[in-house]
Amino acid sequence: MSSRILPAARLSRGITGVAVAGVGVGFYYMYMQNVVHADSGAPKKAFGAGPAFLSLELESTEAVNHNTKRLRFKLPDPETVSGLTLTSALLTFAWPKGSTLPVLRPYTPINALDEPGALELLVKRYPNGKQSTHLHSLQPGDSLRFITRIPGYNWQPNQHSEIMLIAGGAGITPAYQLIRGILQNPNDHTKVTLVFGVNTDDDLLLKKEFGDYETHFPGRFKAIYTVSQPVEGSPLRKGYVTKELLEEVAPRSGDCKVFVCGPPPMENALVGSRRQPGILQELGYRKDQIHKF
């Protein structure tokens, strides 16, 4: 019997050791960040190159529609900024009630990355989504653990004369983060076209924000919406993100970069596979012009 118990004990000690080491690494990175920012005078960053293991308190929650909430979390102190770069996401960790194992899911913040003291997520709840259901259950004062940042596409201002972002459903958050970052940077003159496909009119998240950008940046930002199940009398285009739609609205410049984020069937249709080209390649876009968030 002892021979069977011993490996389990060793395994338990091994897991504990890994956990302690991970936390130790996190505290080391946090300490070094504090030292660097104290020396430079720059705002302290909550998320740097290494793991953060930050538990952030939920400050407020707002219902956006029938299945989506905007969650605002407090950063460690009012002067701290996220430290994220454009197209970055954050890996969250939780142990939802009734779940046998913990759940890790990435989410893309939607507020300005240099906003001090706060972090905002736009979270769509899925019927069988353990993490999204858990996040929707959080109340102000509850906390969520953020493990580390997940770097995305290395965006450089004016790297492309124009870009097209194709989003579906909750895939709008990385697109919005990039659009916001480009348009709020006075040194970035990139033109932006957004193609946003959803199921219903109510699923058009951030539509007001996009409308404001169209007003303030005429000639530089354009949003095209398509709704598969619009309400009766809806002024919105009915349908899906199709080859015909993209032929009509896609930018024509040769250095256009295309970003795609949405449900897997949509991404597969647009990007294709090794064996079969997708809609974007059929329209003449090279593989190096296409990036999936």
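**Exercise 1. Determine which side chain Thr92 joins through a polar contact, and describe the surroundings of Thr92.**

Step 1. The side chains of Thr92 and Gln131 are joined by a polar contact of 2.9 Å. A polar contact is a pair of N or O atoms within 3.5 Å; within protein, one must be able to donate a hydrogen and the other to accept it, and residues adjacent in sequence count only if both atoms are side-chain atoms. The model is predicted: local features need pLDDT of at least 70, side-chain atom pairs count only at pLDDT 80 or more, and totals for chains, interfaces and linings use all residues. Residues are numbered from 1 along each chain as its sequence is written, and side-chain values use heavy atoms, with hydrogens and water left out.

Step 2. A polar atom of the Thr92 side chain also lies 2.7 Å from the backbone oxygen of Arg105.

Step 3. Thr92 belongs to strand S3, residues 89–94. Helices (H or I, at least four residues) and strands (E, at least two) are DSSP runs, numbered from the N terminus.

Step 4. Thr92 counts as buried because its relative accessibility is 0%. Buried means under 20% relative accessible area, exposed over 50%, and partly exposed in between (1.4 Å probe, protein chains only).

Step 5. Beyond its neighbours within four places in sequence, Thr92 has contacts that include Val103, Leu104, Tyr107, Leu144 and Phe146. Contact means heavy atoms within 4.5 Å.

**Exercise 2. State which residues of helix H2 are buried, and what they pack against.**

Step 1. In H2 (residues 130–137), the buried residues are Gln131, Ser132, His134, Leu135 and His136.

Step 2. These buried residues pack against strands S2 (68–74), S3, S4 (103–107), S5 (118–124) and S6 (143–150).

**Exercise 3. Describe the packing of helices H3 and H4.**

Step 1. The axes of H3 (residues 172–183) and H4 (residues 207–216) are 12 Å apart, and the helices pack at an angle of about 30 degrees. Axes are lines fitted to C-alpha atoms, for helices over the stretch in contact, and angles run from 0 to 180 degrees between N-to-C directions.

Step 2. H3 is therefore roughly parallel to H4. Angles under 35 degrees count as roughly parallel, over 145 as roughly antiparallel, 65 to 115 as roughly perpendicular and the rest as oblique.

Step 3. H3 contributes Ile172, Tyr176, Ile179, Arg180 and Leu183 to the contact, while H4 contributes Glu209, Phe210 and Tyr213.

Step 4. By class, the contact of H3 with H4 comprises 6 nonpolar, no polar and 2 charged residues. Ala, Val, Leu, Ile, Met, Phe, Trp, Tyr, Cys and Pro count as nonpolar, Asp, Glu, Lys and Arg as charged, and the others, Gly among them, as polar.

**Exercise 4. Locate Asp142 and identify what it touches.**

Step 1. Asp142 is found in the loop between H2 and S6, and is partly exposed, with a relative accessible area of 31%.

Step 2. A polar atom of the Asp142 side chain lies 2.8 Å from the backbone nitrogen of Gln139.

Step 3. Not counting residues up to four places away in sequence, Asp142 touches Leu56, Glu57, Leu58 and Ser137. Asp142 and Leu58 are 84 residues apart in sequence, yet 5.6 Å apart in space, C-alpha to C-alpha.

**Exercise 5. Examine the phi of Phe53 and of Asn158.**

Step 1. Most residues other than glycine have a negative phi.

Step 2. Phe53, although not a glycine, has a positive phi of about 55 degrees; Asn158, also not a glycine, has a positive phi of about 65 degrees.

Step 3. Phe53 lies in the loop between helix H1 (2–40) and strand S1 (54–63), and Asn158 in the loop between S6 and strand S7 (162–168).
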